[in-house]
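Welcome! Have a look at the model below, and then we can walk through some of its parts together.

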Amino acid sequence: MATQKKVIILGFLTLLAFGLRVYRLGTADFKEDEFLTVKAAAYQNFCRQSPDNCQAKKIANFIFPLLQNNETVPNLITQIYLWDFISDRPTAVNFNRAWPHLLTVAGFYQIFGLSEFTTRLPGAIAGALLVPVGFLFSQSLLFSFLLTIAFPLIDLSRNARMYSLFMVVILLAIYLWRRLLAAKPAFSWLLLATAIVTVLAFWLQSLTLVVLIGIYAYSLFKSRSWFWWLSVGLGLVIIVGKYSGADFFHRYFLGLALPPHWQYLSWWPAAAIIAMLIRRQTYLLAIITVYLTVLIFFTLPAPGAAYVIALWPLLLWPLLHWRRWLTFAVSLIVIIQFGLGINYLYFGRDGRAQIRSAYQSIINHYQPGDKLYAIQLRDYYLQSLPQGTEVIDLKKTPYPQFSGSGFVVWEQEKIGYLQAPVLNYIQTNFNHLAGSGLDNFGVEIYSFGK
């Protein structure tokens, strides 16, 4: 096929991918860790608007937190805190996780305003960019097409977290490393680009280190010159870490997992590994086997499913362009998964709590002086409450002394955090405003003292 036709088709697939990821992007309420993104990016946005909205800058040596990607303390480049939407001020909780993504989201806030749509938009754009990066990696339009419509990739890129951006950057890094290992060790633009992209991937997700271990293992057998240079670099990192106390390898997440996390070795990665063994695709095989080995046997606690989905493009590629029947079967599976997932993706069938609707009962019944007793209160949806509203965290205060008047709030799936005597007292003595038997919002709300 002519290059011009490939460019046209690839452009169309990229636009299609963006459309599939941006359609009804802002209709669903935020869910789980998306609230961390909006609270952290909101702080950065409001801090840029006025110095009065910023936490006081801490003066210290932030080099090592930046180099080791320590997510809990400020680093040399940025200090990001979680924003309290009720008090309309920053909290004291530093949250630097995936800070390049948070800075990007904050930049979108300054252009488009703060909303569910703009918070998720960077992930949707990254999901669309996966299509041309996938073509660069594979030189296959079929591969790019399947990346365009793959249900797990669309779902991931419609989430306001950094995973979609990480997937694009790490796939580009893996492509660049493959080219770099085929060249002689010397300074070049390829080396510089590989270093920049790899560091960006690391700042987005520390599991980049696991990918680098796989690349390092591959270099031992395929590029001895690079293996020795990488060994020197590894040695320097170990020495600096030993004498500085910096934990570059995030050892607090490592340990022997008993029992192993077998849930991450489904038929999909197993089939891809078999295909790579048969086809002798040693580069991808080294990366994927090391990655899965660490997740399954040496990660504490069990890693989230999003960490495994990051491997999805690498697991798809070995199953294509080998046997026609396998290419057809895999392509059909991807197409069917997309068709079955349409309701889940676009029409609110994913079972998430409808927090915005449920919290309306708090706003409607609120009286001056009311308190909020809550498990993970989603204050983003309570911005209209007075700034002096007191919030009591029931995870930190499991046996509260209810006083005055107010509300008790938790999402139904969080009921396990409530102590049984406290739950029984609430259900017996307080007025049920929202939840089981009243609506399908997935949020329990009780009022008292009114």
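Predicted model: local features only at pLDDT ≥ 70, side-chain atom pairs only at ≥ 80, totals over all residues.

Residues are numbered from 1 along each chain as its sequence is written, and side-chain values use heavy atoms, with hydrogens and water left out.

Let us begin with the sheet. Five strands make up an open sheet with mixed pairing, in the order β4-β3-β5-β7-β6. Here strands (E, at least two residues) and helices (H or I, at least four residues) are DSSP runs numbered from the N terminus, and two strands pair if DSSP finds at least two bridges between them. At the edges sit β4 (390-393) and β6 (431-434), each of which pairs on one side only. On average, neighbouring strands of this sheet are turned by 25° against each other, direction ignored. Strand β3 (residues 371-374) runs parallel to β4, and four bridges join the two. Within β4, V391 is the residue that stands opposite L372.

Helix α18 (residues 355-365) lies across β3, β5 (406-411), β6 and β7 (443-448), at about 10° to β7. Helix α19 (residues 420-429) also packs on the sheet, where α19 touches β5, β6 and β7, and its direction makes about 125° with that of β5. For these angles, axes are lines fitted to C-alpha atoms, for helices over the stretch in contact, and angles run from 0 to 180 degrees between N-to-C directions. Contact means heavy atoms within 4.5 Å.

Elsewhere, helix α2 (residues 34-49) is largely enclosed by the rest of the structure, because 13 of its 16 residues are buried. Buried means under 20% relative accessible area, exposed over 50%, and partly exposed in between (1.4 Å probe, protein chains only).

T208 belongs to helix α10 (residues 208-222). Not counting residues up to four places away in sequence, T208 touches F166, I170, T198, A201 and F202. Its side chain also reaches the backbone oxygen of A201 at 3.0 Å.

Finally, Q139 is in the loop between α5 (116-138) and α6 (141-149). At 52% relative accessibility, Q139 counts as exposed. From Q139 to Q383 there are 244 residues in sequence and 49 Å in space, C-alpha to C-alpha.

Conventions. Polar contact = N/O pair within 3.5 Å; in protein donor to acceptor, adjacent residues only side chain to side chain.
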